[in-house]
Amino acid sequence: MRYRQFWNKEIETLSREELEAYQADQLSQHLLLAYDQSAYYKEAFDQAGVKPSDFKELADIRKFPFTNKQIERERQNLKPFLGDMTAVEEEEVVFVSASSGSTGVPTLSPFTRQDFEEFQDVQSRLFWAAGMRPTDRYVHALNFTLFVGGPDVIGAQNLGALCLWAGAIPSDRLLFILKEFQPTMIWTTPSYAWYLGETARKQGIDPAKDLAIKRIIVAGEAGGSIDATRAAIEELWGAKVYDFYGISDIFGACAGACEARSGLHIAEDHILVEVLNPETLEPVADGERGELVLTTLRKTARPMIRFRTGDIVTYTKEPCTCGRTHGRVNITGRLDDMFIVSGVNVFPSDVEFVIRNIPELTGEYRITVFTENFTTKYKVEVEKLDTSAIDEEALLAKVQDSIKTRLGVRPKEVVLLKEGELPRATHKAKRLIDLRNN
Ligand SMILES: [Zn+2]
């Protein structure tokens, strides 16, 4: 059967002018809702001396104050249990997700019935753009316990795919499902896709031949947007990898790769994108790196106005070859993971890009950041493939030079380990060790 090209052609192919007019219209209503119904936004807007009526065109969003994770957490504690950023009564809320974050205090993300339905429609749209069709068997291998990614499976089901609600289960059981039910699509993190593929091989299963997976959706780490990382997972699985980007404070997935796999289309009918220099908070040019700042346009349970995500991205409004007009983001990494060496911003994903392009290495790595003589330095540990006959000195020089070329700053040291010496990640990989405050 031949299926249509877009999930929602009208919305996904609006001209830039039409899209921005729609965004401005939604946002003027949304700011009013936030100001009238949420104690937090009333206070924050009043303090900033700005009113919803000051918003006349999209650029006016810059008059409004930022929010961030810390504010979200504080305001949640002020008024248990959903906090005073919410704009509806609790009786209208039908779903709440919780994200643990680094401090251990979970932040909650509430949805009204309509928010939840629209959220699932966006998930269906992203799945469709990534090639999912009703003929697919889809295994949802994300955590269901309070995690906003759990219910994304409903988006796949509403699309018509046959859905297997696996959840976060041990690798052996997941491999059993992949073998017995022969699903064609799966969603996991890039680290886990790699780990699972390697685990399968150790059990004598060749993921590319013995399993039916044709598409892997990945999210939660930068790897899915690093060409060499994606290529390595694709070769292991004989499947295509589609990167998704999600943030629980807003939605589950907010953006996803299409068949062109050249950036992640963000659902701009629901979310306004700003990309700002994290220091000056001024907008960066199209295609330049900056912090992703998101504003909800329709999520009524808890509007998020100018939420600083802490994610560093590039963003382009250039049309995509797939025909979709919504802008595309590429995720570089977390602002928290960035470190500065000799004035250069270094992201672990830049190091990963280099490591994954050197064929004599396994692709595993670990970065340690430390201080020496009051100066920030970093060390990179990599693994040499057992099958590689390259001279170790030559390989070390190659790694050093490639990193210098890509990043502009040499690591203080590169350590060559044997294959398998670095710890293998199951879900999110811990590849950055920061010793600077010790
Ligand atoms: Zn596209």
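Colleague: Which residue in strand 13 is the bridge partner of I312?

Modeller: The partner of I312 is G333 in strand 13. Please note at the outset that this is a predicted model.

Colleague: What is the order of the strands in the open sheet of eleven strands?

Modeller: The order is 4-3-5-6-7-8-9-13-12-11-10, and the pairing is mixed. Strand 4 (162-165) and strand 10 (271-276) stand at the edges; each has a single partner strand, so one side of each lacks a neighbour in the sheet. Ignoring direction, neighbouring strands of this sheet are turned by 35° against each other on average. Helix 6 (residues 152-159) packs on the sheet, where it touches strand 3 (137-140), strand 4 and strand 8, and its direction makes about 160° with that of strand 4.

Colleague: How many bridges join strand 8 to strand 9, and how many pair strand 9 with strand 13?

Modeller: Strand 8 (residues 253-257) and strand 9 (residues 264-266) run antiparallel and are joined by three bridges. Strand 9 and strand 13 are also paired in the antiparallel sense, over two bridges.

Colleague: Which residues of the largest nonpolar core touch the most other members?

Modeller: In soluble globular proteins, nonpolar side chains tend to be buried together. Here the largest nonpolar core has 101 residues, of which I216, F244 and C254 touch the most other members. Helix 5 (residues 113-129) gives the most to this core, with six residues. The core draws at least three residues from each of domain 1 (1-335) and domain 2 (339-434). As for I216, its contacts beyond four places in sequence are I186, A193, I233, W237, A239 and V241.

Colleague: Which residues in helix 5 are buried?

Modeller: When reading a helix, recall that an α-helix has 3.6 residues a turn, so residues three or four places apart point the same way. In helix 5, the buried residues are D115, F119, Q120, V122, Q123, S124, R125, L126, F127, W128 and A129. What covers the buried residues of helix 5 includes strand 2 (107-112), helix 6, strand 7 (240-246), strand 8 and strand 9. With 17 residues, helix 5 reaches 25 Å from its first C-alpha to its last, close to the 24 Å expected at 1.5 Å a residue. Just after helix 5, G131 takes a positive phi of about 100°.

Colleague: Why does V94 count as partly exposed?

Modeller: V94 counts as partly exposed because it has 14 C-beta neighbours inside 10 Å, whereas a buried residue needs 20 or more and an exposed one has 12 or fewer. V94 is found in strand 1 (residues 93-99). Setting aside residues up to four places away in sequence, V94 touches F111, T112, R113 and F116. V94 and Q114 are 20 residues apart in sequence and 9.3 Å apart in space, C-alpha to C-alpha.

Colleague: How many residues of domain 1 are in contact with domain 2?

Modeller: 15 residues of domain 1 are in contact with 14 residues of domain 2. On the side of domain 1 that touches domain 2, the elements giving two or more residues are helix 8 (190-202), helix 10 (227-237) and strand 13. The C-alpha centres of domain 1 and domain 2 lie 30 Å apart.

Colleague: What order do the strands take in the open sheet of four strands?

Modeller: The order is 18-17-16-19, with mixed pairing. Strand 18 (413-418) and strand 19 (432-434) stand at the edges with a single partner strand each, so one side of each is left without a neighbour in the sheet. The twist averages 20° from one strand to the next. Strand 16 (residues 361-372) pairs with strand 19 in the parallel sense over three bridges, and I367 has L432 in strand 19 as its bridge partner. Helix 12 (residues 392-407) lies across strand 17 (375-384) and strand 18, and runs at about 130° to strand 18.

Terms used. Residues numbered from 1 in each chain as written. Predicted model: local features only at pLDDT ≥ 70, side-chain atom pairs only at ≥ 80, totals over all residues. Pairing = 2+ DSSP bridges. Axes fitted to C-alpha atoms, helices over the stretch in contact; angles between N-to-C directions. Contact = placed C-beta atoms within 7 Å. Core = buried A, V, L, I, M, F, W, Y, C linked by C-beta atoms within 7 Å. Domains from an automatic or database assignment. Expected span 1.5 Å × (residues − 1).
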